[in-house]
Amino acid sequence: MELQLDNISHRYGDVEVMRDISINIPAGKIVCLVGPSGCGKSTLLRFIGGLERPQSGQIIQVGEPPADCINPLTFVFQDFALLPWRTVEGNISLALEEHGLGGHRMDEIITGVLDRTKLTDFRNALPKQLSGGMKQRVGIARALAVNPAVMLMDEPLSALDSQTRELLMDDLITLWTRQPFTAVYVTHNLQEAVRLGHFIVVLSRRPGTIREVVEIERPLAEREFGDADLEIRQKHLWNLMREEAMASDMELVSV
Amino acid sequence: MSETALAPTRSSVAFRGGGFAPIRIRWVGPLVFVVLIALLEYGTRTGFISNLTMPRPSDVLATFVNLWKSGLLWQHLLPSLTRLAVGSAAGVTVGICVGVLIGLLSYVRAALVGLVAAIFPIPKIALLPLFVIWFGIDEGSKYALIALGTFTPTVVATYGAVDNVDRTLIRMGQSFGLSWFSIVKKIVLPGAMPGILSGMRISLAIGIILLVAAEMLGAEFGIGAYILEAGSLYDLERLFVGVSVLSVLGVSVSALLGLAERRLLGWRT
Ligand SMILES: Nc1ncnc2c1ncn2[C@@H]1O[C@H](COP(=O)(O)OP(=O)(O)OP(=O)(O)O)[C@@H](O)[C@H]1O
Ligand SMILES: [Mg+2]
């Protein structure tokens with residue numbers, strides 16, 4: 001299944017948030033969205049996930065999601081969004097209970113995703129007992145459990161320290177390599193973008209428009225921390241971003 | 001740098017954290033009761049407190065034991081407990097439902113918030129004659145009075161608690177395709193539970209007050225009737241037996257709620 005964003009524009013009251021955004025999200029690829037704060041990345045992601053409607057433009061789903069897909073468009077949230085009163089297992093089953101899978105099948109799925117995200121020992125822990133990195137693993141496990149056609153990730157690693165972030169990035173790459181998934185990945189962190197993105201969409205400051213789309217052909221599994229060639233890409237992205245960031249910084253001051 | 005320079009003074013950093021985190025201390029609560037009762041006993045025995053102003057705790061206890069032995073205690077207590085249970089169960093249940101609806105549906109909120117605010121400050125006991133006409137002089141009017149009295153504070157506490165449920169959790173539920181009912185059952189209600197339970201502490205206390213008031217206005221049996229009778233005879237011992245039973249009732253209700261909180265809200269940090 002593929003997604004096409006077609007001329008998305010939106011304003012909140014007087015604030016024009018984004019203008020004419022068209023992006024293709026090909027199956028099995030990770031598309032990273034980067035851009036200065038407030039340019040509408042989270043808003044765009046909510047449009048893609050159907051949690052909000054853009055004022056103009058549309059999001060088109062090309063092809064049907066695979067038959068075994070339980071929840072085609074699935075979010076991984078920046079602040080984890082785990083139910084504090086449910087255990088790790090309960091949080092994952094929340095996403096499955098609605099779909100009449102039967103206890104045995106559900107148990108199988110949960111065991112599978114806990115194994116893939118290295119959470120097997122924490123099956124019965126409450127969120128308050130978990131570290132931040134662990135909580136986001138649960139968030140990722142919950143998303144994987146419903147076998148999404150497209151994962152929508154809004155700065156999933158930004159609440160974590162840089163070591164945990166490295167580890168989880170490696171985990172994501174392993175997961176993708178084992179079974180390629182489609183994802184839209186919003187981030188502030190250009191290093192994350194060049195490690196995980198097949199395409200990197202750079203948005204301008206508000207109102208968000210597309211500045212440039214950078215494609216990185218090198219397979220995810222071959223990208224290393226501190227790769228020279230990735231460094232160059234990252235520098236290029238940084239130059240694009242810096243102008244926008246500086247300009248939007250000045251705007252905030254003048255408000 | 002010379003060796004002879006004065007050594008810098010050394011002192012440990014002053015501690016200024018701590019506090020603001022209530023912990024459970026079991027013995028202080030009972031101790032307060034024991035000390036107060038001991039003081040009263042001592043005062044009435046030495047004559048420092050006149051027997052006309054305060055009954056002696058040991059006499060009150062003796063009266064209580066008599067009441068128990070004669071079987072009259074249960075004759076008064078059982079109807080009271082039934083009224084409290086039926087009335088407040090009805091009031092709290094309907095209150096939680098209405099509170100959740102006010103919290104979630106804009107039209108219900110627009111329609112009912114004003115109405116609830118208008119009913120809340122009415123002393124419900126003033127409506128007892130009305131309830132007697134509507135529901136009869138017997139149990140019906142008492143149930144209705146207690147139900148209405150517990151209903152309003154429950155509604156207010158519940159919709160406040162629902163407003164405070166983390167919206168990102170609700171969006172999360174929607175993003176996984178949960179139905180409206182599942183979101184209410186699995187996300188809104190558990191999330192609002194802390195607020196609902198603390199609201200119930202207030203509602204149930206109000207329920208006890210109304211119970212006694214209703215029984216004073218017309219009941220053969222019940223703690224309120226017992227207290228009224230003792231009061232009109234200026235029988236301070238029996239009056240205090242009745243009042244103490246009410247206090248114990250209040251403490252038990254609060255203990256039960258505390259138990260429920262520890263059971264249901266263990267997930268809180
Ligand atoms: N529900 C809303 N109502 C009004 N304005 C909103 C709403 N949601 C977002 N905005 C505004 O829209 C703009 C874009 O917000 P959005 O959260 O999408 O930005 P972002 O790119 O995700 O920023 P960040 O990088 O800081 O997360 C911001 O100026 C924000 O104030
Ligand atoms: Mg954002």
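**Figure 1. Overall build of chain B in the predicted model.** Chain B holds ten helices and zero strands, where helices (H or I, at least four residues) and strands (E, at least two) are DSSP runs numbered from the N terminus. Its order along the sequence is therefore written α-α-α-α-α-α-α-α-α-α. This is a predicted model, in which local features need pLDDT of at least 70 and side-chain atom pairs count only at pLDDT 80 or more, whereas totals for chains, interfaces and linings use all residues. Residues are numbered from 1 along each chain as its sequence is written, chains are lettered from A and ligands numbered from 1 in the order in which they are written, and side-chain values use heavy atoms, with hydrogens and water left out.

**Figure 2. Dimensions and surface of chain B.** The C-alpha trace of chain B spans about 90 × 65 × 30 Å along its principal axes. Of the 269 residues, 35% count as buried, that is, under 20% relative accessible area, with exposed meaning over 50% and partly exposed in between (1.4 Å probe, protein chains only). Chain B exposes about 16100 Å², of which carbon and sulfur atoms supply 70%, according to the Shrake-Rupley method with a 1.4 Å probe.

**Figure 3. The largest nonpolar core and Leu44(A).** The largest nonpolar core has 139 residues, and those with the most contacts inside it are Ile23(A), Leu44(A) and Ile200(A). Helix α8 (residues 180-217) of chain B gives the largest share of this core, 14 residues. Such a core is a set of buried Ala, Val, Leu, Ile, Met, Phe, Trp, Tyr and Cys residues joined through side-chain atoms within 4.5 Å. Leaving aside neighbours within four places in sequence, Leu44(A) is in contact (heavy atoms within 4.5 Å) with Leu5(A), Ile8(A), Met18(A), Ile21(A), Ile23(A) and Leu33(A).

**Figure 4. Helix α1 of chain A and the glycine just after it.** Helix α1 (residues 41-48) of chain A is mostly covered, with six of its eight residues buried. These are Lys41(A), Thr43(A), Leu44(A), Leu45(A), Phe47(A) and Ile48(A). Just after this helix, Gly50(A) takes a positive phi of about 75 degrees.

Figure 5. Most residues other than glycine have a negative phi, and most peptide bonds are trans. Phe80(A), which is not a glycine, has a positive phi of about 70 degrees; Phe80(A) is found in the loop between β5 (73-76) and α2 (88-97) and counts as buried because its relative accessibility is 13%. Glu155(A) likewise has a positive phi, near 45 degrees, and is found in the loop between β6 (150-154) and α5 (162-178), where Glu155(A) counts as buried at 9% relative accessibility. A cis peptide bond, with omega about -10 degrees, joins Arg206(A) and Pro207(A), and Pro207(A) has its place in the loop between β8 (199-203) and β9 (210-215).

**Figure 6. Surroundings of Ser175(B).** Ser175(B) is in helix α7 (residues 167-175) of chain B and counts as buried because its relative accessibility is 6%. Leaving aside neighbours within four places in sequence, Ser175(B) is in contact with Leu51(A), Asn71(A), Leu73(A), Phe75(A) and Phe77(A).
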